[in-house]
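Subject: Structure handover

Hello,

The structure is pasted below for your files. My notes on it follow.

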Amino acid sequence: SDAFHEHADQPNSILRQQCLATRAMGAHAQSVGAPYLQSVLCPLLPQLVHDSELSLEVDPGRLRGDEDEVRAARQRNCRALERWSEMLVHAIISEESLAAL
């Protein structure tokens with residue numbers, strides 16, 4: 001299409017166009033991806049949401065306490081955030097989960 005030729009000298013913008021191909025790719029990704037993400041993330045989310053002692057806040061301005069308490073809370077929360085991020089990413093990309101596709 002003309003839009004492709006207009007942006008051919010800028011390859012990073014070619015797939016950003018709202019052409020039929022990109023809309024079809026988006027629709028397909030959503031139709032396959034949404035159920036997949038629900039199936040692999042739903043078992044983990046209740047643990048994340050209902051853990052009343054879990055804090056993932058890492059912004060020192062939003063943490064309470066003196067400087068040492070804020071530093072300790074931030075480090076603890078960073079470790080928890082890193083653990084949860086790893087678990088969620090692992091759930092998404094694990095071979096067992098991908099086999100369900």
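**Confidence and conventions**

The protein chain has a mean pLDDT of 87, and 81% of its residues reach 70 or more; pLDDT is the predictor's confidence in each residue, from 0 to 100. This is a predicted model, in which local features need pLDDT of at least 70 and side-chain atom pairs count only at pLDDT 80 or more, while totals for chains, interfaces and linings use all residues. Residues are numbered from 1 along each chain as its sequence is written, and side-chain values use heavy atoms, with hydrogens and water left out.

Confidence is lowest in helix α1 (residues 2-6), at a mean of 62, and highest in helix α4 (residues 67-93), at 96. Helices here are DSSP runs (H or I, at least four residues), numbered from the N terminus. Where pLDDT is low, the predicted coordinates should not be read in detail.

**Helix α4**

The 27 residues of α4 should span 39 Å at 1.5 Å a residue, and the end C-alpha atoms of α4 are 38 Å apart, which agrees. The expected span is 1.5 Å times one less than the number of residues.

Val70, Ala73, Asn77, Ala80, Trp84 and Ala91 of α4 are buried (under 20% relative accessible area; exposed is over 50%, partly exposed in between, with a 1.4 Å probe and protein chains only). The buried residues of α4 pack against α2 (20-41), α3 and α5 (95-99), where contact means heavy atoms within 4.5 Å.

**Helix α2**

In α2, the buried residues are Thr22, Tyr36, Val40 and Leu41, and their cover includes α3, α4 and α5. There is a kink of about 30° at glycine 33, shortly before proline 35; the bend is the angle between axes fitted to the seven residues ending at a residue and the seven starting there.

**Cysteines and arginine 62**

How many disulfides does a search of the whole structure find? It finds 0, a disulfide being a pair of cysteine sulfur atoms within 2.5 Å. Cysteine 42 is partly exposed at 44% relative accessibility, and cysteine 78 is partly exposed at 30%.

Arginine 62 sits in the loop between α3 (45-50) and α4 and is exposed, because its relative accessible area is 61%.

Regards

Notes:
Helices (H or I, at least four residues) and strands (E, at least two) are DSSP runs, numbered from the N terminus.
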